Amino acid sequence: MRFVIGSKQTTKMVEQGLATEVYVAQDTDPRLKNSIVRLCESSGVPIIWSESMKDLGETCGIEVGAAMAAVIPEIE
């Protein structure tokens, strides 16, 4: 699984139809959260909720918190 981390990058991946699923932290800024949720719903991309930005950062293998991350296919 390959992650693209951050709200701008995640949004771009969903808009380009590359995201297979999106992880969103519960404690993300509500405006960012609402925006990506709407985008994912209209694009048919499943959302996986993470307890916190810290947890999501750990899931993605980074030392800092992450608001959201898109899962994209491994490029062969």
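**View 1. Thr-10 is found in helix α1**. This is a predicted model, in which local features need pLDDT of at least 70, side-chain atom pairs count only at pLDDT 80 or more, and totals for chains, interfaces and linings use all residues. Residues are numbered from 1 along each chain as its sequence is written, and side-chain values use heavy atoms, with hydrogens and water left out. Helices (H or I, at least four residues) and strands (E, at least two) are DSSP runs, numbered from the N terminus. Thr-10 has a relative accessible area of 0% and is therefore buried (buried means under 20% relative accessible area, exposed over 50%, partly exposed in between, with a 1.4 Å probe and protein chains only). Residues up to four places away in sequence aside, Thr-10 touches Val-4, Ile-5, Val-22, Ile-36, Met-68, Ala-69 and Ala-70 (contact means heavy atoms within 4.5 Å).

**View 2. Ile-36 lies in helix α2, residues 30-43**. The relative accessible area of Ile-36 is 1%, so this residue is buried. Apart from neighbours within four places in sequence, the contacts of Ile-36 are Thr-10, Thr-11, Val-14, Val-22, Val-24 and Met-68. One of these residues, Val-14, is 22 residues from Ile-36 in sequence, and the two C-alpha atoms are 8.8 Å apart in space.

**View 3. The rings of Phe-3 and Tyr-23 form an aromatic pair**. Rings of Phe, Tyr and Trp (its six-membered ring) pair if their centres lie within 6.5 Å; planes under 30 degrees apart count as stacked, over 60 as edge-to-face and the rest as tilted. By this rule the count comes to one aromatic pair. The ring centres of Phe-3 and Tyr-23 are 5.7 Å apart and the planes stand at 70 degrees, so the pair is edge-to-face. The pair links distant parts of the chain, with Phe-3 in strand β1 (residues 2-5) and Tyr-23 in strand β2, 20 residues apart. Tyr-23 counts as buried, at 14% relative accessibility.

**View 4. Thr-59 sits in helix α3, residues 53-59**. With 43% relative accessibility, Thr-59 counts as partly exposed. Not counting residues up to four places away in sequence, Thr-59 touches Phe-3 and Tyr-23. Between Thr-59 and Glu-15 there are 44 residues in sequence and 23 Å in space, C-alpha to C-alpha.

**View 5. Gln-16 is placed in the loop between α1 (7-15) and β2 (21-25)**. Gln-16 has a relative accessible area of 48% and is partly exposed. Gln-16 and Ser-43 are 27 residues apart in sequence, with 9.9 Å between their C-alpha atoms.

**View 6. The whole chain, for orientation, has three helices and four strands**. From the N terminus on, these elements run β-α-β-α-β-α-β. The radius of gyration of the chain is 11 Å, close to the 11 Å that the globule rule gives for 76 residues, so the chain is as compact as a globular protein of that length (the radius is taken over C-alpha atoms, and the rule is 2.2 Å times the number of residues to the power 0.38). Along the principal axes, the C-alpha atoms fill a box of roughly 30 × 25 × 15 Å. Of the 76 residues, 38% count as buried. Among contacts with a separation of 6 or more, 72% join residues 24 or more positions apart.
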